[in-house]
Amino acid sequence: MVDSNTHKPHELARRGLLFVLSSPSGAGKSTLSRMLLDADEKIALSVSYTTRPPRPGEIDGVHYHFTDVPTFKQMAADGDFLEWAHVFGNRYGTPKAPVEEKLAAGCDVLFDIDWQGAQQLYQEAGPDVVRVFILPPSIEELERRLHTRAQDSDAVIADRMSRAKSEIGHWDGYDYVLINDDIQACFNKVRQILAAERMKRRRQKGLIGFVRDLAAT
Ligand code: ADP
Ligand code: 5GP
């Protein structure tokens, strides 16, 4: 007999997924990440290591683990990163252990990383990775957002803009591509993607047993 308390379909164990949000700098991935983390307690942020200095308001251990080049290089040599890359002249890397802990605890993990990181993560974890690329509605709007954010000097903004087009060129390395025109509309789409990906058959670990019990009833 099926015990309805232990076999509610919505309670079946699920395989955790690695949810990647990438975009050219300024298109809105940090804003979308924050909104997602606030709205959904079943997903946790992977906090990267970086050798770039903190921006005003950034907290060590929350936005990034800020570190120096020798420490970063040692971590890379020790195999402590799931992936790492050079971005804008600095090193950025995803630490392996916290991601594995979160997945083991049944939590999905959110990554705000660039196309190089998305590619490496996909090579490591293939079917468990969901890659979403965020595009700005226009290049002019991208530049306006970088200025509005007011976190970078004009020289840094000019550098980010000059790299934006080559970053945009990596759109085809992603499973989903969204245009972030209206932030709320874009956020709703991000949530729809996550909801649908969570329901994929291969992620529902308890499904075979559940269906077997259903058939045996
Ligand atoms: P990224 O993390 O991709 O570099 P941010 O999330 O920091 O980008 O966004 C850059 C700036 O643009 C921020 O000031 C943010 O508030 C603003 N922004 C993000 N999405 C939108 C949007 N859809 N419309 C207007 N401004 C936006
Ligand atoms: P920022 O300096 O604006 O915080 O980030 C610059 C770029 O580095 C962004 O595109 C961001 O997504 C990317 N990034 C942040 N952390 C990582 C990481 O751990 N690995 C990789 N590959 N890219 C990262």
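A polar side-chain atom of Thr 94 sits 3.4 Å from an oxygen atom of ligand 2, which counts as a polar contact (a pair of N or O atoms within 3.5 Å). Taken on its own, ligand 2 has 520 Å² of accessible area (Shrake-Rupley method, 1.4 Å probe), and the protein covers 95% of that.

A word on the model: it's predicted, so local features need pLDDT of at least 70 and side-chain atom pairs count only at 80 or more, while totals for chains, interfaces and linings use all residues. Residues are numbered from 1 along each chain, ligands from 1 in the order written, and side-chain values use heavy atoms, leaving out hydrogens and water.

Back to ligand 2: 17 residues are around it, meaning that each has a heavy atom within 4 Å. Ser 48, Arg 52, Tyr 64, Glu 83 and Tyr 92 come nearest.

Now hop over to ligand 1, which has 16 residues around it, with Gly 26, Ser 30, Thr 31, Arg 149 and Asn 180 nearest. Here a backbone N or O atom of Gly 26 lies 2.7 Å from a ligand oxygen. Asp 181 puts a backbone N or O atom 2.8 Å from a nitrogen atom of ligand 1, and a polar backbone atom of Ile 183 is 3.3 Å from a nitrogen. Alone, ligand 1 exposes 560 Å², and the protein buries 80% of that.

Methods
A polar contact is a pair of N or O atoms within 3.5 Å; within protein, one must be able to donate a hydrogen and the other to accept it, and residues adjacent in sequence count only if both atoms are side-chain atoms.
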